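I opened a new model today and kept notes as I went. Here is what I looked up, entry by entry.

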Amino acid sequence: MPLVSDTFRSIAADVLSDNWGTLTRHRFSLRRRDGTWDDQTREVYDRGHGAACLLHDTQADTLLLTRQFRLPMQVSGQDPYLIEVPAGLLDGAAPADRMRAELMEETGYTVGPLEHVTDLITSPGSVTEYLACFVGTYRRDNQVGAGGGDATEGEDIEVIHMPFDDALAQVRDGRIRDAKTVVLIQELALRRLIAPAD
Ligand SMILES: Nc1nc2c(ncn2[C@@H]2O[C@H](COP(=O)(O)OP(=O)(O)O[C@H]3O[C@H](CO)[C@@H](O)[C@H](O)[C@@H]3O)[C@@H](O)[C@H]2O)c(=O)[nH]1
Ligand SMILES: [Mg+2]
């Protein structure tokens, strides 16, 4: 997007940290709906975009999920072991290609066609990221790799085959609350409402 528009004028952009991602403090002027201009300061974190995918074993009616440690949860006093759909950073790759590689790395499963659901904006108040979200199917006995993530990068990812009904119950009672995971499980539930399973 341009740094100048009818409603936005950039004044300054100061990089506060440029290590893994880039944290920048922006000063800018924003035109309010009443036509007046308002100077503001906001910090923006850019670590690129990502892809996430919910795989469903339609025979066993299970979902392929992961559980892993998330530091931001730990340091903010929340349960750090999150149940999530497999997901990864794009690192400039095409989302579907990156998703296939990430599935193999994190779960050891290959996947057929992936259906794109949405590009989910995860935290627009401070983070630039969008997540390309997909759904697809898998068969539990089709695991071809070990999964578990990249141990050299510190990953230690548990693979879970969770019955669909359990997953939906865990979304409802808050045991599953990772945003991309909630959205994709609810997407599957909505599809069942529209076209109930046999
Ligand atoms: N050295 C270093 N490594 C990091 C840092 N932050 C993350 N990493 C490493 O970078 C890798 C990221 O793993 P991915 O599987 O590619 O990404 P992800 O963390 O699972 O992120 C996915 O889920 C996020 C949470 O919903 C999404 O935000 C993201 O877009 C993506 O879909 C991991 O090995 C992690 O340890 C850091 O600050 N420093
Ligand atoms: Mg990941």
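**Notebook: loops, a sheet and a helix pair**

I started in a loop: Asp61 sits between strand 4 (50–57) and strand 5 (62–69). Before going on, I noted that this is a predicted model.

I checked the backbone angle there, and Asp61 has a positive phi of about 55 degrees, though it isn't a glycine. Next I asked: is Asp61 buried or exposed? I found 11 other C-beta atoms within 10 Å, so Asp61 is exposed; the cut-off for that word is 12 or fewer.

I then went to Asp91, which is in the loop between strand 7 (87–89) and helix 2 (95–107). Phi of Asp91 is positive, near 50 degrees, and again the residue is not a glycine. Asp91 has 10 C-beta neighbours inside 10 Å, so I wrote it down as exposed.

I looked up an open sheet of three strands and read its order as 1-2-3, with antiparallel pairing. Which strands stand at the edges? They are strand 1 (8–18) and strand 3 (37–46); each has a single partner strand, so one side of each is left without a neighbour in the sheet.

A reminder to myself: strands of a sheet pair through backbone hydrogen bonds, either parallel or antiparallel. I followed one pair along its length, and strand 2 (residues 22–31) runs antiparallel to strand 3 over 10 bridges. As one example, I picked Leu30 and found that its bridge partner in strand 3 is Asp38.

**The helix pair**

Next I turned to helix 3 (residues 164–173) and helix 4 (residues 179–194), whose axes come within 10 Å and cross at roughly 125 degrees.

**The record**

Last, I looked at the annotation. An unreviewed UniProt entry gives "domain: Nudix hydrolase" for residues 46–184. Over residues 46–184 I read 24% helix and 32% strand, with the end C-alpha atoms 24 Å apart.

Terms used. Residues numbered from 1 in each chain as written. Chains lettered and ligands numbered in written order. Predicted model: local features only at pLDDT ≥ 70, side-chain atom pairs only at ≥ 80, totals over all residues. UniProt positions renumbered as here; feature names shortened; annotations may be inferred. Helix = DSSP H or I, 4+ residues; strand = E, 2+ residues; numbered from the N terminus. Pairing = 2+ DSSP bridges. Buried ≥ 20, exposed ≤ 12 C-beta atoms within 10 Å, placed from the backbone. Axes fitted to C-alpha atoms, helices over the stretch in contact; angles between N-to-C directions.
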